[in-house]
Amino acid sequence: MHDYILPIAGLSIGYHDFEYDIDDKFFDNFEFSEVKKGNVKVNLNVEKHEREFVLTFRFAGNVLIPCDRCNDEYEQSIENEVVIYLKYGHSYEEESDDVIVIPSEEGEFDVSSLIYEYIILSLPIHRVHQDVSECNQEVIKYLENSANNIVEEDEEIDPRWKCLEELKEKDN
């Protein structure tokens, strides 16, 4: 993933722009990713100061993810902006969610994991088709039938449960 290596040592003080086109090949590099397909454009603005960098990521695009309701894939749009502060220090550490310290002698920084993390964090918590009619209707019917869990009168009830049912009827 050498395309995502930021050459920080060679940058002059000031603003620098980088652009990344994230596609299916990018997501293949993350083995357990719930996102396997997508097209996301990432604009990265790097503001270099004497001892730190301000990385501003802007994400816009679409990814395919499974619907929480029917498990069929659907297209989810993504739009997000994230600011990360990259500072020089003695060793690598994450001071906070938005501050990363890298060794002073470090000449480059891999942004691929940050891009991946912020794409995933851009996804909604509840991931469903916008309209229920777009869901796999066979799965929806199956789930509705399972939820109703109606015991047919012709079905014989397990004797262990029948005793409990009789106790329940006595209480009423």
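The following exercises, each with a worked solution, concern the predicted model shown above.

In this predicted model, local features need pLDDT of at least 70 and side-chain atom pairs count only at pLDDT 80 or more, while totals for chains, interfaces and linings use all residues. Residues are numbered from 1 along each chain as its sequence is written, and side-chain values use heavy atoms, with hydrogens and water left out.

**Exercise 1. Cysteines**

Determine how many disulfides the structure holds, and examine Cys67 and Cys70.

Solution. 
Step 1. A disulfide is a covalent bond between the sulfur atoms of two cysteines. The criterion applied here is a pair of cysteine sulfur atoms within 2.5 Å.
Step 2. For Cys67, the closest cysteine sulfur belongs to Cys135 and lies 3.8 Å away, which is too far for a bond.
Step 3. Cys70 takes part in no disulfide either, its nearest cysteine sulfur being that of Cys135, at 3.8 Å.
Step 4. The count of disulfides is therefore zero.
Step 5. Cys67 is buried at 2%, and Cys70 is buried at 4%.

**Exercise 2. Salt bridges**

State how many salt bridges are counted, and describe the pairs Glu19 with Lys41, Glu34 with Arg127 and Glu95 with Lys87.

Solution. 
Step 1. Apply the rule: a side-chain nitrogen of Lys or Arg must lie within 4 Å of a carboxyl oxygen of Asp or Glu. The count comes to five salt bridges.
Step 2. Glu19 and Lys41 form one of them, with their closest N and O atoms 3.3 Å apart. This pair links distant parts of the chain, 22 residues apart: Glu19 is in strand 2 (residues 14-22) and Lys41 in strand 3 (residues 37-48). Helices (H or I, at least four residues) and strands (E, at least two) are DSSP runs, numbered from the N terminus.
Step 3. Glu19 is exposed at 51% relative accessibility, whereas Lys41 is partly exposed at 34%. Glu19, Asp21 and Lys41 are linked in a network of salt bridges.
Step 4. In the pair of Glu34 and Arg127, the closest N and O atoms are 2.3 Å apart. Glu34 is partly exposed, at 37%, but Arg127 is buried, at 14%.
Step 5. Glu95 and Lys87 meet through their side chains at 3.3 Å, N to O. Glu95 is partly exposed at 45%, and Lys87 is partly exposed at 28%.

**Exercise 3. Helix 2**

Decide whether helix 2 is mostly covered or mostly uncovered, and name its buried residues.

Solution. 
Step 1. Helix 2 spans residues 112-121, and seven of its 10 residues are buried.
Step 2. The buried residues are Ser112, Leu114, Ile115, Tyr116, Tyr118, Ile119 and Ile120.
Step 3. Helix 2 is accordingly described as mostly covered.

**Exercise 4. A nonpolar surface patch**

Identify the residues of the nonpolar surface patch and give its area.

Solution. 
Step 1. Patches consist of residues with over 30% relative accessible area and no salt bridge; like charges are joined within 9 Å, and nonpolar side chains (Val, Leu, Ile, Met, Phe, Trp, Tyr) within 5 Å. Accessible areas come from the Shrake-Rupley method with a 1.4 Å probe, and for residues only the protein chains shown count as cover.
Step 2. Trp161, Leu164 and Leu167 make the nonpolar patch, of about 350 Å².
Step 3. Leu164 lies in helix 4 (residues 159-171) and is partly exposed, with a relative accessible area of 47%.

Notes:
Buried < 20%, exposed > 50% of the residue type's maximum accessible area, 1.4 Å probe, protein only.
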